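User: I would like a close look at a single part of this structure, with its setting in the chain.

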Amino acid sequence: MLDGSPYQGYLYAYPHKTAYRRLEPRPPLREVWQAEPRDRLFLYVHVPFCEMRCGFCNLFTRARPPAEQVSDYLRQLRVQAEQVAAAIGPARYARAAFGGGTPTYLTAAELDELYAVTRDVMGLRPGEAGLSVETSPATATDDRLAVLAAHGTHRVSMGVQSFLDAEAHAAGRPQNRVEVDRALDALRAARFPVLNLDLIYGIPGQTSRTWEYSLETALQWRPEEIFLYPLYVRPLTGLGRRGDPDAPDDDWDRQRLELYRQGRDRLLAAGYRQLSMRQFRRRELPDPDGPDYSCQDDGMVGLGCGARSYTRQLHYSFDYAVSVREVRGIIDDYVRRPAGDFAYAEVGFALDGAEQRLRWLVKSLLRADGADADAYQAQFGTELATDHPHLTAIEARGWVGWDGPILKLTPEGLGRSDLIGPWLISDTVRAAMAQAVLR
């Protein structure tokens, strides 16, 4: 596997949702959270709606839903929040995000209701939690952004992908540059503390020159953060239906790796520091997580039909799908559920001690700061190097090295995060993922 493509998969969560299975019997959330620390949690709210489904997108979302379904979804979100809050008990949210989908697909009034649910039911304080919200060029309108700003939203992230219309269209995103510039003007006028822009490399027809154009154009807006994503072609997506998503392409791999290095070097020269393979943040700004939250150690509470929740021993969610028909079915099921259903975990993965150690390693090592062996020992009472002897295989390739007690990916290792992450997956999780039926 280490000799294969550097683009095996984006391991943003471990274990992947395709490893989740029905939990029988369904454990009550009150029991799931009973022994968990609840003083610095992450609250994630999933809004599964967009104005369009991008060709590269394999997220859980529906394009242009009926207005009544959106209203029903928001009502049910409040019902779920009431059940979850009662089960978890008093909690403090140190971080929060509204994602999807595109939360700003909601109207201004609907967004106001979304904030009300998280404030009145969950007790979220957006300013304290550094709330992040996803938007898009078409939905970053003045009235919607005014709601986000009024509620103390800290960070707004917008996927531009490319500043060239032809490239955006080639990636299956029918946007236009005029709309992108209008949205950026509106975002900067709203004065959010952090603006993030997403760009994609490896788009058909993209060259080093056109990639440089998108990079330079993004930098003109001085975003506090920039994410650089390699293009993936996944099954059941728009691009995936055009051809074989699993077909090997050495030339494409080489191009993506070259464009990654070009983008990385340009952002570093422009005063950004690299936090992961994808994430770059202006050097003068503090770490976006900060001391109050650690994704390796602290839990997550998810609301909405596509949201995950994490405790130390159980990751859980609802059903998962990518295809349009299956996503619609899951949303329909969510809005019809009786309130009592939300007091239980339904689909998930139980992490034993070995999986907890591996998750901590994955979530740490794929960050530029690396995995602190002293923190690992304090957490688990064992040695990181002893528990994970296979790490010597990537150390021999020059992709990882020790800096005192901290194991870090080298610059070339960071560029291969989408190979190293999947390589670290346990046999148990890998087998469960392989048995999943993609829908």
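Leaving aside its neighbours within four places in sequence, which residues is T217 in contact with?

Analyst: This is a predicted model, in which local features need pLDDT of at least 70, side-chain atom pairs count only at pLDDT 80 or more, and totals for chains, interfaces and linings use all residues. Residues are numbered from 1 along each chain as its sequence is written, and side-chain values use heavy atoms, with hydrogens and water left out.

Beyond the neighbours within four places in sequence, T217 is in contact with F163 and R177, contact being heavy atoms within 4.5 Å. T217 belongs to helix 8, which covers residues 208-220; helices are DSSP runs of H or I with at least four residues, strands are runs of E with at least two, and both are numbered from the N terminus. A polar atom of the T217 side chain lies 2.7 Å from the backbone oxygen of Y213. T217 has a relative accessible area of 3% and is therefore buried (under 20% relative accessible area, with a 1.4 Å probe and protein chains only).

As for the setting, buried residues make up 56% of the 439 residues in the protein chain. The chain has 17 helices and 18 strands. Its radius of gyration is 21 Å, close to the 22 Å that the globule rule gives for 439 residues, so the chain is as compact as a globular protein of that length; the radius is taken over C-alpha atoms, and the rule is 2.2 Å times the number of residues to the power 0.38. The C-alpha trace spans about 55 × 50 × 45 Å along its principal axes. Of the contacts with a separation of 6 or more, 77% are between residues 24 or more positions apart.

Note on methods
Buried means under 20% relative accessible area, exposed over 50%, partly exposed in between (1.4 Å probe, protein chains only). A polar contact is a pair of N or O atoms within 3.5 Å; within protein, one must be able to donate a hydrogen and the other to accept it, and residues adjacent in sequence count only if both atoms are side-chain atoms.
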